[in-house]
Structure formats: structure tokens, C-alpha cells
Amino acid sequence: MSNDSKPDDELAGTEQPFVSHLIELRDRLVRAAIAVGLAFGVLAIFPGPSALYDLLAQPLVAQLPVGSTLIATSVISPFLVPLKITLMAAFLIALPVVLYQVWAFVAPGLYSHEKRLVLPLVFSSTVLFFIGVAFCYFFVFGQVFKFIQSFAPKSITAAPDIEAYLSFVMSMFIAFGAAFEVPVVVVMLCRMGLVTVEQLREFRGYFIVLAFVIAAIITPPDVVSQLALAIPMCILYEVGVFAAGYFNRFSKAPDEAT
């Protein structure tokens, strides 16, 4: 009889934790969605989707000829595009809450020395992403749009489409936000044992070349934006190498410490 009940006992012992993990994952996702929804609701009231799009378009409008504006080639673009901008801004505002929910979900399965590593990395990755987006908006956009307009023939009236501009902005934000995550990636690779700090230092020259190649691919074809992405990546790589040595010691398990 004990042999007959053994499969049921094993099933009962494995099914319940799995179901509880799914329930917890659902709850975490719901909380993250609520945070994004609340931020969206606040932004929709003030300053409003239209004002947010005007703010996002300001670096381009400032470089257009006097009297020129962006245009909408689709009937519903003036309605949908500002809503997309509002949703994007809401997600960025709620990003700390979203990342905290991710952290709270995975934390119980981590060792104490791993928890000491993950929480600073979650915080630093959030801050670095925001810095990358801000750097792109306040510095890169103005230089890129100025460069583009300087090459526009006098016989052409510049009137960019709002959907095309949104797509361009999103791709640039993601590119610069991801590029500014270089220190986090370096620290993780080192802590996972895939590379050592000494190997990272030896790879420095190759990374400089790689940074300029990446910048040439994902940025517009002007020197200013390429340098604006490649140079910070090289600096952040050095920051990552320095941080990797520190975190590698700080997050070691007790039996790994020398």
C-alpha cells in the first residue's frame, strides 16, 4: 500500500510548490502592472499625453525651420502616438517597482551572498538606464538633429512624421539605455566566472574597437552621435572592470573567501 501511495505523495510534494510559484508570479506581475497603470493615469491627467509628446518632440522642433512642425500621415496617429508616449513614460516611472517585483520573486531562491550582489545590481542598472536615456535626450538628440538639418537642401521643407519620430526616439532610447548597462554586464560576467578581471583588462583594446563599431551601427551616420555613444561605453567599461573586482570579493560565499 505504501508503494501504491508513493507516486501520489511525490506528485503532491512537487505540484504544490510549482503552483504556489505560479500564483506568486501572477501576483508580482499584477502589482507591476498596477504600478504602470497608476503612473499612466497620473501622467494622462497631468501633464497629459499631448504635452508629453510636445516635450519629447522639442529637441527636433527646435532644429526645424521657423514655422515647421511634425505631421501625422495616419488618421489615428494624433491619438495613438501620444498615448504610446504616455505608456512609455509610465513604464519608466514605474520601473523601480517593476524591478523590485522581479527581485522579490527571485530573492527566496538565492543565497545570502548572492542577495548582496543582486540588489545593488538592480539599483545600479535602473540608474544607469535612466542616465543613458537622459543623456540621449538632453545631449545627443540636439546634436543629431542639428547635423541632419544642416545637410537638408533649401528646396526641401522638413516635416517629419510623428510615428516615424516615435520609432526613432524609442530605438535611440533603448540603444543608449542598454549601452549604459555595460558596467552591470561586466560585473555579471565576472561574477559568473565566465571571465576574470585580468582578462577584462586585456580585452580593453578590443572593447574600444567594438564600442565604435556598435556606435556606428546603431546611431545615425554622424560623428557626434557615434562619439557620444562610443566614448561613454569605453568609460563605463573601465568602471565595470573596477566594480567587478569589488563585487567579486563582496559577493563571495563564505567558503570561497580567501
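In this predicted model, among the contacts in the protein chain between residues at least 6 apart in sequence, 83% join residues at least 24 apart. The secondary structure that carries the chain comes to 9 helices and 0 strands, so that reading from the N terminus on gives the order α-α-α-α-α-α-α-α-α. Of the 258 residues of the protein chain, 36% count as buried, while the chain exposes about 15,500 Å², of which carbon and sulfur atoms supply 71%.

One place where two of these elements meet is the packing of helix H2, residues 49–61, with helix H5, residues 162–179, where the axes lie 11 Å apart and form an angle of about 85 degrees. Because angles of 65 to 115 degrees count as roughly perpendicular, H2 is described as roughly perpendicular to H5. On the H2 side the contact is made by Tyr53, Leu56, Ala57, Pro59 and Leu60, and on the H5 side by Ile162, Tyr165, Val169 and Phe173. Sorted by kind, the residues of this contact comprise 9 nonpolar ones, with no polar and no charged residues.

Is Val209 buried or exposed? Its relative accessible area is 54%, and Val209 is therefore exposed, since the term applies to values over 50%. The C-alpha atom of Val209 is separated by 9.4 Å from that of Cys234, although the two residues are 25 residues apart along the chain.

Conventions. Residues are numbered from 1 along each chain as its sequence is written. This is a predicted model: local features need pLDDT of at least 70, side-chain atom pairs count only at pLDDT 80 or more; totals for chains, interfaces and linings use all residues. Side-chain values use heavy atoms; hydrogens and water are left out. Axes are lines fitted to C-alpha atoms, for helices over the stretch in contact, and angles run from 0 to 180 degrees between N-to-C directions. Helices (H or I, at least four residues) and strands (E, at least two) are DSSP runs, numbered from the N terminus. Angles under 35 degrees count as roughly parallel, over 145 as roughly antiparallel, 65 to 115 as roughly perpendicular and the rest as oblique. Contact means heavy atoms within 4.5 Å. Ala, Val, Leu, Ile, Met, Phe, Trp, Tyr, Cys and Pro count as nonpolar, Asp, Glu, Lys and Arg as charged, and the others, Gly among them, as polar. Buried means under 20% relative accessible area, exposed over 50%, partly exposed in between (1.4 Å probe, protein chains only). Accessible areas come from the Shrake-Rupley method with a 1.4 Å probe; for residues, only the protein chains shown count as cover.
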